[in-house]
Amino acid sequence: MSEQQPRLRQALDGIPTYKPGRPAAPGPDGAPAYKLSSNENPYPPLPGVLEKAVASAGTMHRYPDMVCAELVAELAEHFGVPAEHIATGTGSVGVAQQLVQSTADPGDEVIYAWRSFEAYPIITQISGARSVKVPLTATEEHDLDAMAGAITDRTRLIFVCNPNNPTGVGIRRAELEHFLDRVPGEVLVVLDEAYKEFVRDPELPDGLEIYRDRPNVCVLRTFSKAYGLAGLRVGFAVAHEPVAAALRKTAVPFGVSQVAQDAAVASLRAEEALLVRVESLVAERGRVREGLLAQGWTVVPSEANFVWLRLGDRALDFAAACEKAGVIVRPFAGEGVRVTIGEPEANDVVLRVAEAFRKEL
């Protein structure tokens with residue numbers, strides 16, 4: 001038997017590993033445990049969605065609609081965009097990977113802020129492209145001037161996460177428009193708006209308004225966060241026809257299951273209930289931030305469904321203290337901790353841990 005191994009792509013050497021939020025396990029005394037590490041929606045599916053998904057599961061012996069025709073039509077009507085401008089995929093991260101595949105050859109450059117969404121360096125390196133990470137400012141904001149200055153003749157794609165994950169900080173319209181004016185038309189700018197439904201700052205733009213007049217702008221959205229379909233993996237992009245067509249070419253055939261498609265359509269039709277749930281999470285976000293500020297923490301305003309604590313070397317210690325108290329949060333070693341807004345009871349535990357931890361600093 002030959003001892004040789006299959007030759008794999010060098011682009012995979014040293015690729016960072018995506019770290020999902022750890023699940024929560026009940027304590028030895030049976031005390032409840034809460035998972036606040038994955039930016040999930042703590043609510044169950046919206047009214048009527050579970051029933052639709054269960055009914056759809058009865059056809060699992062059939063392939064799903066590969067072009068997601070009903071979902072695309074519903075999205076087009078819901079957001080007022082042409083159907084041919086919409087492309088679906090396995091969550092917004094799946095569509096993001098398709099965008100890199102569609103734009104970047106080996107050696108080309110992809111620009112994004114750092115720290116930002118953890119998948120950006122992974123999907124960039126998989127394609128053989130080179131990441132250009134531009135550090136956030138001291139106030140956790142995108143350094144748009146530095147990002148514009150980093151553009152070269154090898155730049156093919158720029159990710160702009162708005163609001164940013166894991167900090168929650170948003171980019172206001174005037175700043176974003178000024179940045180976009182400086183980006184060459186042949187460079188695609190992706191506005192990753194996974195948390196758009198949680199935005200309350202009126203100065204933060206709706207990417208769908210911006211893309212209409214800018215052929216090099218693409219907007220990413222997902223059903224995983226506000227809509228509560230994280231387990232079904234369905235996201236979509238809105239972009240002008242050449243980009244949307246490229247996304248359809250790079251999509252995994254039948255990648256979005258029929259259960260996911262039908263649940264997404266039902267979720268769009270339950271908008272009234274969605275808005276109520278999102279508003280309750282936004283209110284909790286405000287309560288948690290105000291509680292942390294009152295304890296003496298520095299907490300940047302968040303426009304997402306989480307808050308960010310810049311803890312540096314104490315990030316892992318804080319996460320361990322939370323876990324001991326029955327709450328799993330998401331630490332980024334040497335940087336900070338992202339805490340998803342969950343059930344009020346879970347948020348209360350975080351506030352108690354934070355108060356005790358603060359006294360030890």
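# Chat about a predicted model

Student: How far apart are the end C-alpha atoms of residues 35-351, and how much of the span is helix and strand?

Tutor: The end C-alpha atoms lie 15 Å apart, and the span is 40% helix and 17% strand. Helices (H or I, at least four residues) and strands (E, at least two) are DSSP runs, numbered from the N terminus. This is a predicted model, where local features need pLDDT of at least 70, side-chain atom pairs count only at pLDDT 80 or more, and totals for chains, interfaces and linings use all residues. Residues are numbered from 1 along each chain as its sequence is written, and side-chain values use heavy atoms, leaving out hydrogens and water.

Student: What does UniProt place at residues 35-351?

Tutor: The feature "domain: Aminotransferase class I/classII large", from an unreviewed entry. UniProt positions are given in the numbering used here, feature names are shortened, and annotations may be inferred rather than shown by experiment.

Student: And what does UniProt place at K225?

Tutor: The unreviewed entry gives "modified residue: N6-(pyridoxal phosphate)lysine" there.

Student: Where is K225, then?

Tutor: In the loop between strand 7 (217-222) and strand 8 (235-238).

Student: Is K225 buried or exposed?

Tutor: K225 is buried, because its relative accessible area is 16%. Buried means under 20% relative accessible area, exposed over 50%, and partly exposed in between (1.4 Å probe, protein chains only).

Student: Which residues does K225 touch?

Tutor: Not counting residues up to four places away in sequence, K225 touches S38, N39, N41, A194, Y195 and F198. Contact means heavy atoms within 4.5 Å.

Student: Switching to the whole protein chain. How many helices and strands are there?

Tutor: The protein chain has 12 helices and 12 strands.

Student: What is the radius of gyration of the protein chain?

Tutor: The protein chain has 21 Å, which agrees with a compact globule of 361 residues, whose radius would be near 21 Å. The radius of gyration is taken over C-alpha atoms, and the globule rule is 2.2 Å times the number of residues to the power 0.38.

Student: How much of the protein chain is buried?

Tutor: Buried residues make up 53% of the 361 residues. Among contacts between residues at least 6 apart in sequence, 73% join residues at least 24 apart.

Student: Why is helix 4 described as largely enclosed?

Tutor: Because seven of the nine residues of helix 4 (residues 119-127) are buried. They are A119, Y120, P121, I122, I123, T124 and S127.

Student: What covers the buried residues of helix 4?

Tutor: The cover includes helix 3 (91-103), strand 3 (109-114), strand 4 (130-135), strand 5 (155-161) and strand 6 (188-192). After helix 4 comes G128, with a positive phi near 90 degrees.

Student: Now helix 2. Which of its residues are buried?

Tutor: In helix 2 (residues 69-79), the buried residues are L71, V72, E74, L75, A76 and F79. They pack against strand 2 (86-89), helix 7 (207-211), strand 7, strand 8 and helix 9. Just after helix 2, G80 has a positive phi of about 65 degrees.

Student: You mentioned helix 9. Where does A260 lie?

Tutor: A260 lies in helix 9 (residues 258-268). A260 is buried, with a relative accessible area of 0%.

Student: Which residues does A260 touch?

Tutor: L232 and V234, not counting residues up to four places away in sequence. As for L275, it is 15 residues from A260 in sequence and 21 Å from A260 in space, C-alpha to C-alpha.
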